[in-house]
Amino acid sequence: MQLDRRAVLGLGGVGLAAVVLGTGTSGAEARYPFQLSDAEWRRRLSPEAYRILRKAGTERPGSSSLDHERRRGTFVCAGCGNPLFSSADKFDSGTGWPSFTRALPRRAVTRPDRSIPVMPRTECLCARCGGHLGHVFDDGPRPTGHRWCINGVALRFTPAQG
Ligand code: FE
């Protein structure tokens with residue numbers, strides 16, 4: 001996998017899965033180990049999950065029950081099942097979106113998002129299927145100072161055993 005470390009500017013890379021997909025190369029999808037055709041994704045996902053995960057949509061804040069999930073467990077990618085976030089890193093951001101101080105190591109990737117020119121952001125994606133998860137901001141709490149602002153529909157929760 002090709003690394004593009006320029007893209008972690010502004011995030012410090014501390015605690016982030018600092019593997020960033022390069023841009024400007026065709027066939028970016030090909031870098032993800034889990035791949036489905038667009039038709040297969042449409043079949044596999046709900047219309048809302050498809051809009052978020054495959055088209056970089058954003059769910060209405062407060063619309064996901066996972067925002068209030070308090071149990072111990074793991075949040076996995078709703079697209080491919082990749083374990084992405086631990087309940088230990090979840091916090092109540094008050095934004096209406098499930099929020100975490102970090103992703104599980106190497107499970108998510110980030111890249112610059114300039115879709116809103118006046119507000120450059122950092123997008124985060126599932127490292128396995130490339131599904132859009134949300135964005136990472138620098139205004140989070142300790143210990144990382146990062147706020148991974150995640151669409152709940154991009155996640156499924158697996159409670160811890162025992
Ligand atoms: Fe995934």
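This report describes the fold, the aromatic cluster, the backbone features and a charged surface patch of one predicted protein model.

## Overall architecture

The secondary structure of the chain consists of two helices and nine strands. Read from the N terminus, the order of these elements is α-α-β-β-β-β-β-β-β-β-β. The chain has 162 residues, of which 49% count as buried.

## The aromatic cluster

Phe75, Phe85, Phe100, Trp148 and Phe157 together form one aromatic cluster. The count of aromatic pairs comes to five. One of these pairs joins Phe85 and Phe100, whose rings are stacked, with 4.3 Å from centre to centre and 15 degrees between the planes. Phe85 belongs to strand E2 (residues 83-86) and Phe100 to strand E4, so this pair ties together parts that are 15 residues apart in sequence. Phe85 has a relative accessible area of 0% and is therefore buried. Phe100, at 0% relative accessibility, also counts as buried.

Phe85 also pairs with Trp148: the ring centres are 5.9 Å apart and the planes stand at 70 degrees, so the pair is edge-to-face. Because Phe85 lies in strand E2 and Trp148 in strand E8 (residues 147-150), the pair ties together parts that are 63 residues apart in sequence. Trp148 is buried, as is Phe85.

## Backbone features in the loops

The peptide bond leading from Arg142 to Pro143 is cis, with omega near 5 degrees. Pro143 is located in the loop between strand E7 (132-137) and E8.

Ala56 is a residue other than glycine with a positive phi, near 55 degrees. Its loop runs between helix H2 (47-53) and strand E1 (73-77). With a relative accessibility of 42%, Ala56 counts as partly exposed, because values between 20% and 50% fall into that class. Arg106 likewise has a positive phi, near 65 degrees, and is a residue other than glycine.

## The positive surface patch

Arg106 lies in the loop between E4 and E5, and Arg107 is placed in the loop between strand E4 (99-100) and strand E5 (108-113).

Are these two arginines exposed or partly exposed? Arg106 counts as exposed, because its relative accessibility is 68%. Arg107 has a relative accessibility of 34% and therefore counts as partly exposed.

Note on methods. Residues are numbered from 1 along each chain as its sequence is written. This is a predicted model: local features need pLDDT of at least 70, side-chain atom pairs count only at pLDDT 80 or more; totals for chains, interfaces and linings use all residues. Side-chain values use heavy atoms; hydrogens and water are left out. Helices (H or I, at least four residues) and strands (E, at least two) are DSSP runs, numbered from the N terminus. Buried means under 20% relative accessible area, exposed over 50%, partly exposed in between (1.4 Å probe, protein chains only). Rings of Phe, Tyr and Trp (its six-membered ring) pair if their centres lie within 6.5 Å; planes under 30 degrees apart count as stacked, over 60 as edge-to-face and the rest as tilted.
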